[in-house]
Amino acid sequence: MDIIVCIKQSYDVQQLKFDPKTGEPMLAGAPRKMSDMDRRALEEALKIKENLGGTVKTVTVGPPESRDVVKEIYAMGADEAFVVTDLKLDKADPDLTAKIIVETIKKIGNFDLILAGAASTDDYSWQIPAKVAALLDLPFFPNAVSMTVDGGLVVESDLGDAIYKYKAPLPSVVSVSLEINEPRIPTLSAILKASRKQFTDFYLQDLGLEVVTELEVRKVVMPKVERKNVVVEATDPSKMEDGIKKILDELRKENVI
Amino acid sequence: MEIMVYSENEKLFKELVTAASHLNASRITSAVIGSKEDAEKAAKYTDKVLFVDSSELGEYKPKEYVEALCNIVKASDPQVLLVGGTHKGNALAAMLSVKLGEPSVTEVSDLKITEEGLMVLRSAFGGVAVAEVRVGKKLFTKVASPKIACVKPGFFAPAEESKNGEIEKISVDVKSSTEVLEIKKKETGAGLEDADVVVVAGRGVKKKEDLSLIEDLAKALGGVVGVTRPLSADLHWAPTWVGMSGIAVKPKLYVGVGVSGQIQHIAGIRNSKVIMAVNTDPNAPIFEHADYGIVGDLYQVVPKLIEMLKS
Ligand SMILES: Cc1cc2nc3c(=O)[nH]c(=O)nc-3n(C[C@H](O)[C@H](O)[C@H](O)COP(=O)(O)OP(=O)(O)OC[C@H]3O[C@@H](n4cnc5c(N)ncnc54)[C@H](O)[C@@H]3O)c2cc1C
Ligand SMILES: Nc1ncnc2c1ncn2[C@@H]1O[C@H](COP(=O)(O)O)[C@@H](O)[C@H]1O
């Protein structure tokens, strides 16, 4: 089973800081991490490989900082990482990203299965795996909560109203949810070894593509909701009643209880 | 200008009709992949219904359904296609966009049309922020080339019946190599979207049985109980969860009990009027997003709260 996994180096949204004056995100040098669901997609691919043999290759598209994710990809156990970087790719839209992923996949060659996260940690658009599938004219199964490939692909997709269990052909594109597995934590020696491993670095020219986007982000701001932040201490049982009373009085004043 | 709406979810479909009328559509068309009854229902809300009978397609499969939706779009001439932003809708929209060579955008909470084309607000950075996005350079380029926007549930009031649209059946011829083995329907949530008071249990609640304590608190406040994602998705204590990837709530009062307040959860409670939290950790992020906070052990605080609410 030869598997390709799409892995994004996302902004770590939990740590993102916003300019207190403008409300805009401070993106320069902001911390990034492997997108949460992509880590599960990689874990799932590695488990399949451990069972059935084959290869696990990864595709990462983004600005140059995205290269940092490769070390972790190798430390977890992938065979080969492919990275496409360009300074302008921070402004890529889902159509462009999907096209770049597909052109890279074509360079990689044969595959039986493409895995991705259901939604990336930062853009959270739920689009790229579907677009990759459409560009390759392959079946697509979103938001998998479980899958098996032994004796054919069976995917359980959580589609909101129900869990759909599909028997699917190979190759297909499957995107995975957070719950599909608990990803492994690489050992220190695996991390050390990984940092010496080579990866394939493509530029857009190599793929015959340029940065053309149809979605244009005009402005990003953090919606500011002013909160009162009245906090009372109730760890000490003797103070608890006073604290709770104060809060309940406030809630009554607010007319919500 | 023609705007087409599609959602398999009835409530969201009605919300899309409202969204379309806010865009000053001269004609609203609905795309229906479903039963004849579904098409007849949709006809009461829109000028026209283009309808693929799902019995010819079988149960939902993204690749097969997108063929159907593509036939529907090509049988008409919408400039904008609004799709209900569910898992099913998002997948169809993204695939359709590739087939039509037109852009698609998801997680949309508001939209307008300006001289520059379709402008939307979508959530950004995992729900931390909101982005204003221009979708496509111009509105109209060629026939059957709609800009596609997936609208999140709960941002537009559901439309009322007001039309008696004509229904046109569209045929499809789709061969499928995928088989649906089983459909496990999920229970629906406890009416969280429309509740006035929502009490959310987080991981601070140690055992499933202890949820009864949270239910008692909700009862005392006249509200309903929700949970955070790990309690639902990992521990299966409840069918759905509150947050960006679950149900967005906008009650008068939100109470988080043993909820840490990670950003993905906050993104789904931000529109609450008053936010209150109970947590042992004074540094829990939820306190930054709360109007009222009680630092303490929920197993002591909540019974006391209930007692004092009752007296
Ligand atoms: C892509 C993505 C989407 C996500 N979407 C959602 C979403 O929609 N909704 C969602 O909820 N999460 C979502 N999450 C998960 C989110 O990041 C957090 O992991 C989750 O919200 C944490 O849940 P929690 O607060 O219940 O648990 P924890 O973070 O473990 O917090 C438990 C809290 O309980 C407190 N506590 C412990 N014991 C007690 C006690 N006895 N009394 C009082 N307090 C106590 C602790 O101090 C702690 O603050 C998403 C994550 C990702 C990556
Ligand atoms: N720049 C990227 N490079 C590699 N994979 C990506 C990239 N963007 C998105 N993906 C994949 O597509 C999934 C969904 O992303 P999104 O459509 O942005 O929510 C991610 O979880 C990744 O698996």
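A salt bridge is a side-chain nitrogen of Lys or Arg within 4 Å of a carboxyl oxygen of Asp or Glu. By this rule, nine salt bridges cross the interface of chain A and chain B in this predicted model. The area buried between the two chains is about 7,100 Å², and the largest nonpolar core comprises 93 residues.

**Extent of the interface**

- Contact between the chains involves 77 residues of chain A and 78 residues of chain B.
- Carbon and sulfur atoms give 59% of the area buried between chain A and chain B.
- Tyr124(A), Arg218(A) and Arg227(A) supply 10% of the area that chain A buries against chain B, more than any other three residues.

**Polar and charged pairs**

- One salt bridge joins Asp158(A) to Lys186(B), with the closest N and O atoms 2.8 Å apart.
- Polar contact links 48 residue pairs across the interface of chain A and chain B, both residues of each pair being at pLDDT 80 or more.

**The side of chain A that touches chain B**

- Elements giving two or more residues to this side include α4 (128-136), β7 (140-148), β12 (215-221) and α7 (237-253) of chain A.
- α7(A) gives the most, with nine residues.
- The residues of this side of chain A divide into 44 nonpolar, 24 charged and nine polar.

**Nonpolar cores**

- Within the largest core, Leu42(A), Ile114(A) and Val174(A) have the most contacts.
- Residues that Ile114(A) touches, beyond those up to four places away in sequence, include Ile4(A), Cys6(A), Val132(A), Leu138(A) and Val174(A).
- A second, separate core of 61 residues includes Ala42(B), Phe51(B), Val135(B) and Ala284(B).

Note on methods:
Residues numbered from 1 in each chain as written. Chains lettered and ligands numbered in written order. Predicted model: local features only at pLDDT ≥ 70, side-chain atom pairs only at ≥ 80, totals over all residues. Heavy atoms only, no water. Core = buried A, V, L, I, M, F, W, Y, C linked by side-chain atoms within 4.5 Å. Buried < 20%, exposed > 50% of the residue type's maximum accessible area, 1.4 Å probe, protein only. Contact = heavy atoms within 4.5 Å. Buried area = accessible area lost by both parts, 1.4 Å probe. Polar contact = N/O pair within 3.5 Å; in protein donor to acceptor, adjacent residues only side chain to side chain. Helix = DSSP H or I, 4+ residues; strand = E, 2+ residues; numbered from the N terminus. Nonpolar A, V, L, I, M, F, W, Y, C, P; charged D, E, K, R; others polar.
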